[in-house]
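Please open the structure in your viewer and keep the selection tool at hand.

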Amino acid sequence: MASATSKKEGFSNIYNLNPAHAKALIDSLTPRERQVAELIAMGVPHRDIAKKLGISPKTLDIHRGNVRAKLGVPVYGIPRICFCATST
């Protein structure tokens with residue numbers, strides 16, 4: 001019987017996600033979408049992201065929706081993808 005604390009088989013990050021696949025997903029984003037994804041991953045609030053990038057909150061909603069669609073994750077999954085893309 002396996003212990004509950006045994007390490008999962010797979011990749012060496014806490015999300016068990018292939019870093020090469022995560023990097024390919026991030027690379028598929030436009031430069032602006034990548035900026036949005038990075039700021040979301042850093043935990044910057046929605047309104048502050050819009051202000052920092054000099055865009056309206058509605059425009060940010062569009063960029064965020066594009067990021068979610070391209071990465072295939074909900075908003076809370078964006079930091080996971082970003083983290084795994086930068087881990088080696």
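A salt bridge is a side-chain nitrogen of Lys or Arg within 4 Å of a carboxyl oxygen of Asp or Glu. The model is predicted: local features need pLDDT of at least 70, side-chain atom pairs count only at pLDDT 80 or more, and totals for chains, interfaces and linings use all residues. Residues are numbered from 1 along each chain as its sequence is written, and side-chain values use heavy atoms, leaving out hydrogens and water.

Select Arg 64 and Asp 61, whose side chains meet in a salt bridge (3.3 Å, N to O). The two are three residues apart in helix H4, about one helical turn (helices, H or I, are DSSP runs of at least four residues, numbered from the N terminus). Arg 64 is partly exposed at 25% relative accessibility; here buried means under 20% relative accessible area, exposed over 50%, and partly exposed in between, with a 1.4 Å probe and protein chains only.

Next, select Lys 70 and Glu 33, which form a salt bridge at 2.8 Å, N to O. Lys 70 lies in helix H4 and Glu 33 in helix H2 (residues 31-41), so the pair ties together parts that are 37 residues apart in sequence. Glu 33 is buried, with a relative accessible area of 4%, whereas Lys 70 is partly exposed at 36%.

The C-alpha atoms of His 63 and Glu 33 are separated by 5.8 Å. Is His 63 buried or exposed? His 63 is buried, with a relative accessible area of 17%.
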